[in-house]
Amino acid sequence: MSQLPSPLKSGDVFKSSAVKAINALIDYIKSHELKGDNRTIRLNQTPSGIMISAIRQSGGGGDGTAPEPYDGPFAVSYDAERELLRVNGGWCNINGYKFTEVAGTDSITPEAGKLCLRVRFDAAAQKITDPEFVIAEPDLENFPLAEIEIIEAGENEKYVEIRQYYVTVAVFLLGRECIYAKNKGSIDG
């Protein structure tokens, strides 16, 4: 691996010293160039820099076996016998300070759409609701966990396909009406 060239010193012949320094810089940059093989590591050049990402491998432990199913926070699976979705428990963070443990469930009727964790600010009660699992479009109050697709395969036969979103903590930023704005510049009401 090449090293950074030394700075030019007074008394050096500028032309030859500058050429040597520039060539040394080029060699140094080449030796530190990021490389991805597009099998395990992918590099994407973006306007703001280079994005490095790992490519998920098929197979469990490199021995050609099937990968283990995801079983982490908010993992979604389908119970074909009961025809219900099962969701593991996990954690949600509300407004950056309140961490809440969310219990899992095994009683969600599958529907096509996005399975979300919902938390709302109830303005009338001035409190945040308990987290619940719903099929909804992701937005401020609905954090997406998985996409559910129902595939009809003939008479009375259907398959449920789940595209899991890997979530460690569902994060919500909820607000309430600004008293100052509501009272037109007064906090007294």
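1. A salt bridge is a side-chain nitrogen of Lys or Arg within 4 Å of a carboxyl oxygen of Asp or Glu. Side chains of opposite charge can pair when their charged atoms come close.

2. The model is predicted, so local features need pLDDT of at least 70 and side-chain atom pairs count only at pLDDT 80 or more, while totals for chains, interfaces and linings use all residues. Residues are numbered from 1 along each chain as its sequence is written, and side-chain values use heavy atoms, with hydrogens and water left out.

3. How many salt bridges does the structure hold? There are six.

4. Arg-163 pairs with Glu-149, their closest N and O atoms being 2.6 Å apart. Strands (E, at least two residues) are DSSP runs, numbered from the N terminus.

5. Arg-163 also meets Glu-161 in a salt bridge (3.3 Å, N to O). Glu-147, Glu-149, Glu-161 and Arg-163 are linked in a network of such bridges.

6. Are these residues buried or exposed? Buried means under 20% relative accessible area, exposed over 50%, and partly exposed in between (1.4 Å probe, protein chains only). Arg-163 is partly exposed at 34%, Glu-149 is partly exposed at 31%, and Glu-161 is partly exposed at 34%.

7. Elsewhere, Glu-141 forms a salt bridge with Arg-120, with 3.1 Å between the closest N and O atoms. Glu-141 lies in the loop between strand 11 (132–135) and strand 12 (142–154), and Arg-120 in the loop between strand 8 (113–118) and strand 9 (121–122), so the pair ties together parts that are 21 residues apart in sequence.

Terms used:
Helix = DSSP H or I, 4+ residues; strand = E, 2+ residues; numbered from the N terminus.
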